[in-house]
Amino acid sequence: MPFGKIANLLSFLFLLMSFLLIVRNSLAGQVRMFAVQSGILAALAGVVASFGGRLELFGVAGVFTIIKVIVIPNVLNRTVARIGMQRAVAPYLGTSATLVVCAVLVVIAFTAMSPITGSDPLPTADGIPLAFAGVLIGLFTTVTRRRALTQILGFLMLENSIFMIALLATYGVPLIVEIGVFLDVLVAVLILEVFVYRIKQNFDSIDVKQLGVLRG
Amino acid sequence: MILILLLLIPGVASALIARTEKRSIAALTHVCANLAALIVGAIVIGQIYLSQREVSWNLLRADSLSAFMVGIITFVGAIVGIYAVGYVNAEFDDTQFRRVRLFYSLFQLFILTMLFAVTTDNLGVMWVAIEGTTLATVFLVNLHDNHTGLEAAYKYLILSSVGIAVAFMGTVFMYYAAVAQVSDIGLSWTALIAVAGRLDPTIVKLAFVFILIGYGTKAGLAPMHTWLPDAHSEAPAPISALMSGVLLNVGLYALMRFKAVTDITAGQAFASAWLMRFGLLSLALSAGFLISQRNYKRMLAYSSVEHTGIVALGLGFGGYWGTLGALLHMVNHALAKSMLFLLSGNILLKYRTTEIRGIRGLLRAAPWTGYAFLCGILALIGLPPFGPFVSEFIIFRGGFAMHSTAYAVTGVALVAVIFAGMLASVNSMLYGAPPEPWQSRDPLRWPLAPLALNLLLLLALGLTLPNSLREFLSRVLKTIGVSL
C-alpha cells in the first residue's frame with residue numbers, strides 16, 4: 001500500500017476512536033479507547049518515520065508509546081479503580097445529539113483546513129482535516145462533559161490530535177519541542193489525577209457540576 | 001552565558017528549598033534568589049541596552065523585548081517575594097512546614113518558567129515554558145486547600161491547558177508555513193521573522209487566530225478569561241499578585257511575538273482587527289462585573305481582564321503610539337496590580353473576609369494598608385498623576401490617530417464606567433467605622449515597605465518619560481517591527 005493511503009487509513013481509525021470514546025459511558029471503556037487511539041498514533045509516527053525518512057520520529061514514536069499508551073492510561077485506570085464505581089451522570093447533551101454535533105464538527109474541519117490541504121505537498125496531507133476534527137471533538141468533549149475524568153480524556157484527545165496535525169502536515173515539530181510537550185502533558189495529567197481524588201474526597205463525586213460556587 | 005545564570009538562580013533555589021528541613025533557610029534562600037535574579041536581570045537589561053545587541057546562547061536569546069519582560073518579572077518578583085515571607089509567616093504556623101516549603105519552591109519554579117518563556121528564541125520551547133507556568137502555579141492556587149480553592153485550581157488547570165493547546169496548534173501551523181520556505185527553520189523566531197515576507201498569508205492568518213485564542217486564554221482576554229477571576233481570587237495574595245501583575249504579561253508577550261510575524265506576512269490590519277475586537281470585549285465584559293462586585297479580590301481580578309483588554313486595544317490600534325502605550329501600560333498595570341493584590345493580603349489578614357461588605361473603615365483600622373490601597377486604586381482606575389493615566393491616554397490617542405475612532409470612543413466610555421464602579425466599591429471599604437472590636441494596627445508592616453518603590457515608579461511614570469526609557473522602549477518597538 002502506498003504511504004499516503006496508509007496514513008489516511010490510520011487517520012481515519014484515529015478519528016473513529018474519538019467517536020467511540022464519546023459514546024462510551026463507562027470510564028474504564030473511555031480510557032481503553034484513548035489507549036487504542038494513542039497506539040494508532042504511535043503506529044502513524046512509525047509509518048511517517050519509515051516512509052518519510054525521518055529517523056528521529058522512531059524515537060518520538062517510542063517515547064509517545066511509553067507516555068500515552070502505557071503510563072497515562074495506567075494512571076487513569078488507577079484513578080478509576082480508586083474512585084470506585086461512579087453514578088452515571090447524564091452529560092449536558094445526550095449521546096445522539098453529541099454524535100450529530102460531532103458530525104457537523106467534521107464538516108467544519110474539512111472547510112477550515114482547506115488552505116492547508118490545498119497547499120501541502122506531502123502525501124500525508126489528506127489526513128489533516130480528520131486530525132483537526134479530532135481537535136474540535138476533544139475541545140467539545142472537555143466543555144460539555146460533566147465528569148472530571150471524561151474532561152481530562154477530552155483534553156488528551158485534543159492533545160493527540162494536535163500531535164497528529166504536526167505529524168501529517170510537517171512530519172512532526174523539532175525533537176526538543178516534541179519532548180517538552182510530552183513532559184508538560186504528563187505532568188498535567190499527574191496533577192489532574194491528584195485533583196480528581198481531591199474532588200472525589202471533598203464532594204463524594206466527580207461531577208464537575210458541583211464545582212459551581214465561584215460566580216460573578 | 002548570563003542568561004543561563006539568570007535561569008539557574010530560581011532553578012537552583014527551587015531545588016534547594018525543596019530539600020531543606022528548616023523554615024528559616026527556605027525563606028532566606030527564597031529572598032536571596034529573588035534579589036539575585038533582580039541583579040542579574042538588571043545586568044542583562046544593561047548589557048542589551050548598552051551594546052544595542054541581543055544576547056544569545058544556544059536556545060536562549062534575549063533582545064530588547066525580552067529585556068523589557070525580564071525587567072517586569074524580576075522587579076515584581078522581588079517585591080512580591082519579600083512580602084510573601086511575611087504573609088506566609090502570618091498564615092501558616094510551623095505545623096504546616098511542608099506547605100510553606102512547597103510554596104517557596106513552587107514560587108521559584110514559577111519565576112523560572114516565566115523567565116525561560118521570555119528568553120528563548122524557539123517558539124515551541126516558549127510554549128513549553130508557558131504551559132510550565134500553569135503547572136507550577138496550580139498547586140499554589142489551591143494552597144489553602146479548601147472547596148473553593150480546589151474548584152478554582154481544577155478549572156484553571158483544565159481551561160488553561162486546553163487554551164494553550166490551541167496555541168500550540170497555531171504554532172504548528174506557523175511552523176508549517178515556515179517549513180515551506182526554509183526546511184530546517186526549527187521554530188526559531190528570528191528565522192521566522194527573516195522569512196515572514198515570503199510566507200503564505202492564508203496559513204499565517206489561520207495560525208494567528210489560533211495563537212490569539214490560545215495565548216489570549218493565558219493573558220486573560222474575554223471570552224477565554226473565565227478561569228481568571230476564580231484562580232486570581234482564590235490564590236494566596238502573593239501568588240495573585242504575580243499572576244495578575246506578571247503572568248498575564250507573559251501571555252501578551254507571546255502574542256506580540258506572533259503579531260510581529262503576522263504583520264509582515266499578512267499586513268497590519270488583520271492582527272489589529274482581531275486584537276481590537278477581543279480587547280473591547282474584555283473591557284465590556286469586565287465593566288459588567290466591576291459595576292457591582294461583592295468580593296474585593298474578584299474585583300481586582302476582573303480589573304486585570306479590563307487592563308489586558310486595554311493593552312490588547314493598544315496593540316490593535318498599532319502604530320508607534322498605540323504600541324508604545326501598550327508597553328507602558330503593561331508596566332503600569334504590573335506595578336499597580338501587584339501592589340493592590342499584596343495589600344489585599346493584608347486586608348484579608350485583618351478582616352478575615354473577602355467580601356467588600358465586611359470591610360469598613362480600612363483607613364482607620366489599618367492606616368498604612370488603607371492609604372496605600374487608596375493610592376493604588378486611584379492609579380489603577382487611571383487618575384493623574386499616576387502612570388496608568390498616561391499610558392491609557394497614549395493608547396486612546398493612538399486609537400484616534402489610527403482612525404479606529406469607534407473602538408477608541410467605546411473604550412474610553414467603558415473605562416469611565418469602570419472608574420465609577422470601582423471607586424464606589426472601594427469607597428465603602430475605606431471609610432466608616434471598623435467592625436467592633438478593632439484597634440488601629442496593620443497586620444504586616446515591614447513587608448509592605450518595598451511597595452513604596454511601586455508607588456514611586458507609578459508616580460514617576462505619570463509625571464515624566466525619561467529620554468533613556470523612551471529610547472529603550474523605541475528599541476523594544478523596533479524588535480517587533482514598529483517605528484515612528
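Colleague: Where does B:Pro385 lie in this model?

Modeller: This is a predicted model. B:Pro385 sits in the loop between helix H15 (367-380) and helix H16 (387-401) of chain B.

Colleague: How do I read the peptide bond from B:Pro384 to B:Pro385, cis or trans?

Modeller: Start with the general idea. Most peptide bonds are trans. Now the case here. The bond from B:Pro384 to B:Pro385 is cis, with omega near 10 degrees. Another cis bond runs from B:Ala222 to B:Pro223, with omega near 0 degrees. B:Pro223 belongs to the loop between helix H8 (201-219) and helix H9 (227-234) of chain B.

Colleague: What about phi of B:His403?

Modeller: The general rule again: most residues other than glycine have a negative phi. B:His403 is not a glycine, yet its phi is positive, about 65 degrees. Look for B:His403 in the loop between H16 and helix H17 (405-430) of chain B. B:Leu187 also has a positive phi, near 65 degrees. Its loop joins helix H6 (147-179) and helix H7 (189-195) of chain B.

Colleague: Is B:Leu187 buried or exposed, and why?

Modeller: Count C-beta neighbours. A residue is buried if 20 or more other C-beta atoms lie within 10 Å of its own, and exposed if 12 or fewer. B:Leu187 has 23 within 10 Å, so B:Leu187 is buried. B:His403 has 10 inside 10 Å, so B:His403 counts as exposed.

Colleague: How many residues of domain 1 and domain 3 of chain B take part in their contact?

Modeller: Find the domains. Chain B has domain 1 (1-120), domain 2 (122-266) and domain 3 (268-484). The contact uses 15 residues from domain 1 of chain B and 21 residues from domain 3 of chain B. On the domain 1 side, helix H3 (residues 64-91) of chain B gives the largest share, 13 residues.

Conventions: Residues numbered from 1 in each chain as written. Chains lettered and ligands numbered in written order. Predicted model: local features only at pLDDT ≥ 70, side-chain atom pairs only at ≥ 80, totals over all residues. Domains from an automatic or database assignment. Contact = placed C-beta atoms within 7 Å. Helix = DSSP H or I, 4+ residues; strand = E, 2+ residues; numbered from the N terminus.
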